[in-house]
Amino acid sequence: MRDVAIIGVGITKFGELWDLSFRQMIIEAGARALEDADIDGKQIDAMYIGNMSAGQFICQEHIASLIADHAGLAPIPSTRVEGACASGGLALRQAVISVASGVHDYVVAAGIEKMTDVMTEQATGALATAADQEWEVNAGATFPGLYALMARRHMYEFGTTEEQMAMVAVKNHNNACMNPCAQYHTRITVESVLKSPPVVLPLKLLDCSPITDGAACVIVAPAEKARKMDRVPVIVAGTGQASDTISLHSRQSLTGLMATTRAADMAYKMARVGPEDIDVAEVHDCFTIAEIMAIEDLGFCKKGEGGKLTEEGQTEIGGKIPVNTSGGLKGKGHPVGATGIAQVVEIVHQLRGDAGKRQVKGAEIGLTHNVGGTGGTAVVHIFKRGD
Amino acid sequence: MAAPRFWREIPNRYNLIGTRCGNCNKVFFPPRYICPQCRRMGKLEPYKLSRRGKIVTYGVVHVAPEGFEDLVPYVLAIVELEDGPRLTTQVVDCDPNEIKIGDEVEMVFRRIGADREDGVIYYGFKFRKVE
Amino acid sequence: MNVGIVGYGVYIPRYRIRLDDIARVWGEEPSRVKQGLMVEEKSVPAPDEDTATISVEAARNALKRAGINPQDIGAIYVGSESHPYAVKPTATIVAEAIEATPNLTAADMEFACKAGTAGIQACAGLVEMGQIKYGISIGADTAQAAPGDPLEYTAAAGGGAVIIGKNDGEALAEIEGTYSYTTDTPDFWRREMRPYPKHGGRFTGKPAYFKHVVSAAHGILRQLKLTPQDFAHAVFHQPNGKFPCQVAEELGFSKAQIACGLVVPKIGNTYSGATMIGLAAVLDKAKPDERILVVSYGSGAGSDAFSIKVKKAIEEKRDLAPKVEQFLNNKIYIDYSTYTKYKSLLVR
């Protein structure tokens, strides 16, 4: 197996992109990534596209072919990868494995979701198909509902407060204000989160990530080729993926995601680093409680202390472990299939040192953490500056 | 949804029929068709579960999915049955402000949903607090 | 007859609306409405309750008291005028939910408010002829009434289930006899595809309710050579509080004799459930050897009368399931606007 690097990144604006179609979005992200990598599209050997549900959002399946076609890259092999909201992270992992194995040299790992071509109720219904239809959704569960169940239990077991959860949203909105591609450029307060309309209590509207259109793309290549290019190479130092029960009720613990712990263990081992070595992390904060659980499961603090770590400001830029400098899913937006790739885009910027106002000083090792459903899938990647 | 998808699970939904592994005796609900521990060595057979349990966690749904709008606000909960397995369910006929983790609940028979106005009506379990 | 009741159970939804609230909406004087009907409040089904769910809960409670193997049930009849489907039986849903399938006969019954007692007669016949060991008859409704119609004050939801078997040691009461009186009297009806029933106003009284209830009661008294004094309790169909009191007086029964089974003031008219719940309320309290007269009434029109004698087994069985009084007291009040939502009068 050979070392693998990210040599180019591209992302669209995240938000309600009324005037852009699915096709336009993916092409925009792809073209930017190629431009950033300074290579020609003809050099691309294969594509892996993370997408949760074009079938439900735009009534279009077979999108891997559609994208190869509209990118002008047919006949190269193009494959859609699906793992609910973790689809993007899984697409990257497939691309990394294909380059590491020597099968391909230059591979596109992209993610896209066009969510606003359906009404909000249809979008939330589509998202709920990532939960167990027979035994969760039929009982009246929604995604906010299932995360509310975790939040309530976390509050019960560890004394986590609604204020601490609100602080996650406040921080991520602050970070998003510094990210030009983020959906929200508005600051919020703990009070406004607490007073926002109830969705599934204890989660309120501002505890939830929004419905977002967006696409992101990275170019994966052998590290040896990246090192010959005249910019800081970002090496994929570790990759890990794990599965758990699709339904929340079947899990031993309701206050953490075993899939995250396992995927992180794999990635840390492969990268030969530990949580204490991570300088910056993009974690899956689809709901505020999800970030609190993620920073615990990833080992940035002990189980149960995620709320406290947030309250202390340790996850802010300038804190011990800056989390979701991009604004996260909460502030940057959450086009589900694109999220896992968008996280990589942010970490690459952070490691290159070109993240602008939200730059974490001296960041050398970064981590991305992408979750599917309520934790049935988790995928973790660790990146290092390769210079 | 066509009727068979719900119909084939009527025993599970009406009467909490789960499965039990004849090899390790572990009980599953919702039913599993291979024991995750024993896998092919296991032998799963139908198992009727106790209709009582305790609330492990809950949320109060204010924004409901399609078909559940008239129930708002309703309590969504994970209930641990006396036999061990846990399930996701609604807790009905209660004041959401009076629900607590650890509350004892028992199964009731309710309408779960329907295929629009002219389609099949689906029934099954929900839970209510034991008075 | 060699037939007895081996189990009984009821279910009444927890929600209630006060008649005052309904009266105010329509500009009526609440106290006048309540006095006229002798009803204080009525039960309302939750949005996820219907005749099938009420029937299942009542049947499960009846099974708790009977303590029998549901596989020994050979017949299930569900009487209602608000079956969830126009075509597709409620009885099969109940059969499955009480694990009585598949070796049994099942059917839905409809005879306005007396379909539940018609089912008791059908079960009794099958038991007596040796065709089945046990039969279960359920009367349940989520009664419909057009907004503003006088029926709206009383149309309620609830149900009762009775398990019929041989009159042996496990029977908690003996059915001594039954007598029916039936004519073609269109006092109340609902046409195909119409959401609400229509009625003949005052025509529902004398030529309908009173004539049939009185005739059936006289019939059974004559048949069994009994007089009102032979009965400790009497249960008459109770579309409101006034009718059963008047008919009791006409037949020579005292207020004390009907007190136990008069539940309508607290829950309204549960239609097919009404007589069944009234009987259950009496069985909850009656002593062994006491005799109960039960007379149902279904518009259209007919009455089924039963003479029931309570047996020893009642004492060990009645505490095995929730009693009517528990359902009467366990309530959550809702206002008229919530009521309209629960009854799907408000359409999104």
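A residue counts as buried when its relative accessible area is under 20%. By that cut-off, the buried residues of helix α5 of chain C are C:A115, C:G116, C:T117, C:A118, C:G119, C:I120, C:C123, C:A124, C:L126 and C:V127. Please keep in mind that this is a predicted model.

**Helix α5 of chain C**

- Helix α5(C) is mostly covered, with ten of its 14 residues buried.
- After α5(C) comes C:G130, which has a positive phi, near 80 degrees.

**How the chains meet**

- Chains A and C are not joined by any contact. The closest C-alpha atoms of chain A and chain C are 12 Å apart.

**The largest cavity**

- Searching the whole structure turns up four cavities of 30 Å³ or more.
- The largest cavity has a volume of about 120 Å³.
- Which residues of its lining are closest to the centre? Out of 13 lining residues, they are A:N138, A:A139, B:R13, B:I112 and B:F125.
- Two strands of chain B, β6 (86-92) and β8 (121-129), each give at least two residues to the lining of the largest cavity.
- By type, the lining of the largest cavity has five nonpolar, five polar and three charged residues.

**The second largest cavity**

- The volume of the second largest cavity is about 50 Å³.
- Its lining is made up of C:T117, C:I120, C:I175, C:T275, C:M276, C:L279, C:V294, C:F306 and C:I308.
- Helix α5 comes back here: along with α10 (274-283) and β13 (300-310) of chain C, α5 is one of the elements that give two or more residues to this lining.
- C:T117 and C:I120 are in this lining, and both are also among the buried residues of α5(C).
- Which element gives the largest share of the lining of the second largest cavity? That is α10(C), with three residues.
- Seven residues of this lining are nonpolar and two are polar, while none is charged. The lining of the largest cavity, by contrast, includes three charged residues.

Terms used: Residues numbered from 1 in each chain as written. Chains lettered and ligands numbered in written order. Predicted model: local features only at pLDDT ≥ 70, side-chain atom pairs only at ≥ 80, totals over all residues. Heavy atoms only, no water. Buried < 20%, exposed > 50% of the residue type's maximum accessible area, 1.4 Å probe, protein only. Helix = DSSP H or I, 4+ residues; strand = E, 2+ residues; numbered from the N terminus. Contact = heavy atoms within 4.5 Å. 1 Å grid on protein atoms, 1.4 Å probe; cavity = no way out; pocket = protein on both sides within 12 Å on 5 of 7 lines; lining within 4 Å. Points joined across faces, edges and corners; volume = space filled by probe spheres on them. Nonpolar A, V, L, I, M, F, W, Y, C, P; charged D, E, K, R; others polar.
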